[in-house]
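Biologist: I would like to go through some side-chain pairs in this model. Please show me the sequence and the structure before we start.

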Amino acid sequence: MSEALAATPPSAARLPPILAYAERKVLRPGVIDRAATRVVGAARARLAGWQGRRHAGIAEAAMARWTELAALSDADLDAVRRTASAELRGRGDFPPELVANAFALIREVSGRVTGQRPYPVQMMGAAAILHGRVAQMATGEGKTLTAGLAAATAALAGLPVHVVTVNAYLAERDAGLMQPLYAALGLSVGVVSDGQELPARAAAHACDITYCTNKDLAFDYLRDRIALGQRASDIRLKLRGLAAEPGVTAPLRLRGLHFAIVDEADSVLIDEARTPLIISASAGSQFDSATLTEALAVAAALAAGQDYVIDLDQRRVVLTEEGRTAIDARLAGAGPAWRARVTREELIRQALSALHLFHRDEHYILRDGKVVIIDEYTGRVMPDRAWSDGLHQMIEHKEGCALSSARTTLARMTYQRFFRRYCRLAGMTGTTAGVEAEFWTVYGLAVARIPTHRPIRRIHRPDRVLPDEETKWAAVIERVTALNRQGLPVLLGTRSVAASDVASARLAAAGLAHTVLSAAQDRQEAEIVARAGERGRITVATNMAGRGTDIKLDPWVAENGGLHVIMTERHDARRIDGQLAGRAGRQGEPGSFEAILSLDDPLLDGLPVPRPLARALLARFGQPAGRLLLRWAQSRAERLHARMRGDLLRADRMQDRILAFAGHSE
């Protein structure tokens, strides 16, 4: 491109400060409203084919318009940009003809400055995003450019855009990839990253397009709510603007919640919605080391099944009457920390949880002498997270770490409540299996299925279910060895860091060189994943670690069968299994996928079928019985997690009613 486009100043510098903190007010739905939502959701699902034709029509019109723009000079193309922006600004919608014109413009500009022109299917995905839908696009179909196409169109219309990713690396990478295109269109782009001071974060959010993680974004919003006293009224914001020094903005991070494009929408809006967002402050240590030592000792002396029951579904410990009596007898005459019965029993419950429900290298790792939580869905570490109610300190003491300070809550919100406050919300994901209804009932998001650019060539081999862990790993190593002799790369998927360690030990014992990608190596994950398609490479990936990073095949591998993915444990949701399978055979490349499982899979722990009976069923009825048991366990886990998300949302609504009654509602 010539300087005619590249030198265009960022539009954020020309816009006046936005005093109104934009967000959508979410009303509390009644029974009739919720029923109507479900009915409308079912009707919209039946209209999915018509919606797909609408998005395809926009892509076709954009391609026709692009053939005209391709012959223009850079100066003439810049004039088209100004016209397209003027036509889009001030509207409350995105008319198909204007969207097609904008897509054609962006396609040509992208080709000139980056060498990449969006495919028609990417334009279909971007059209779905602009119309407030979740674009379901297969792994490797170019969601980065799809999001950039939609974000640039919205920004040309004067709409501030947040592109939300699942980790900071992806935010920085995607912003860097798209920055030349945005600059050529006269748009500014910012990145919110860890460790930024308030002025830098506010400057990033003031750009036309801002890339950030869901956690950074939500916590910035909560901090703004704290700064505004929970009421972001326009009057309050104007008063802040008057009180500020000339040329200095009010001490807020965001300009409001205008438009969010959520990448990996199933992970952010569904999986992570089970955990509320909490901003807390240090409250000092409630209990000393001696008290925690005594709690762990008492907990270890209690008998499982008699003194307490572990509810694996709800991840909690329930004390029995016998257990309460035993605790009272053991702690009679103990120090002041044990005098109150409620406090006494809660301490023992937390100690039991630390001993039996939270395990190193599965739920957390030790890094630099600290307990660091692992995200159970992505396998990534979360150094800024801590368990509440003293559980984190109990686990620290169990592991011999220095105790961190207990925390007191300053602000709390769920992802469901937060993202529903966006004036416009959309997303992208590789699969929505089993959660389409939840996307609609919770967020009002319909799913648009986007076809692949090239036909899928991935081969799915039948699942193999073996009676125990030992025979499973023997079969896995035999399969990996055979593939390695052929020179094909293998990606081995596990659910936990501990399982990755087992896989690594088995591979090493077999003399197979390999690389482990887990929460313990998260700093190198992008490089490790990117090389997983090289000839003869074996990669062990924990729980979809590296999600969002492309695996590129070398030429020999592409000609001889592609990447082979082996799943060694079922995940809690079919969607995650599908994402793992989607690492192979991307963009029409060759590839294959298979699952080698066992009846020792942790997913079966919650089923009312003892392991000996499960093995007898497998021996009597063969593979169909084993597959059925694992699918049953997976469906059960999906229903349980959906219920937990629903309970959290209802608790959030109840808290809102209580605040409203007290005169403190938002």
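Modeller: A salt bridge here is a side-chain nitrogen of Lys or Arg within 4 Å of a carboxyl oxygen of Asp or Glu. This is a predicted model, in which local features need pLDDT of at least 70 and side-chain atom pairs count only at pLDDT 80 or more, while totals for chains, interfaces and linings use all residues. Residues are numbered from 1 along each chain as its sequence is written, and side-chain values use heavy atoms, with hydrogens and water left out.

Biologist: How many salt bridges does the structure hold?

Modeller: The cut-off just given decides which pairs count. With it, the number of salt bridges in the structure is 41.

Biologist: Which residue forms a salt bridge with Lys-215?

Modeller: The closest N and O atoms of this pair are 3.0 Å apart. Lys-215 lies in helix H10 (residues 214-227), and its partner, 57 residues apart from it, is in the loop between helix H12 (265-270) and strand E6 (277-284). Helices (H or I, at least four residues) and strands (E, at least two) are DSSP runs, numbered from the N terminus. The partner is Glu-272.

Biologist: Is Glu-272 buried or exposed?

Modeller: Buried means under 20% relative accessible area, exposed over 50%, and partly exposed in between (1.4 Å probe, protein chains only). Lys-215, at 11%, counts as buried. Glu-272 has a relative accessible area of 7%, so this residue is buried.

Biologist: In which helix are Arg-81 and Asp-78?

Modeller: Their side chains meet in a salt bridge, 2.9 Å from N to O. Arg-81 is buried at 9% relative accessibility, and Asp-78 is buried at 8%. The two are three residues apart, about one helical turn, in helix H4 (residues 74-88).

Biologist: What is the relative accessibility of Arg-324?

Modeller: Arg-324 meets Glu-321 in a salt bridge of 3.3 Å, N to O. Both lie in helix H14 (residues 321-330), about one turn of the helix apart. Glu-321 is exposed, with a relative accessible area of 53%. Arg-324 counts as partly exposed, at 21%.

Biologist: Which residues does Gly-148 touch, not counting residues up to four places away in sequence?

Modeller: Gly-148 is in helix H7 (residues 143-156) and is buried, at 0% relative accessibility. Contact means heavy atoms within 4.5 Å. Under that cut-off, Gly-148 touches Met-178, Tyr-182 and Tyr-211.
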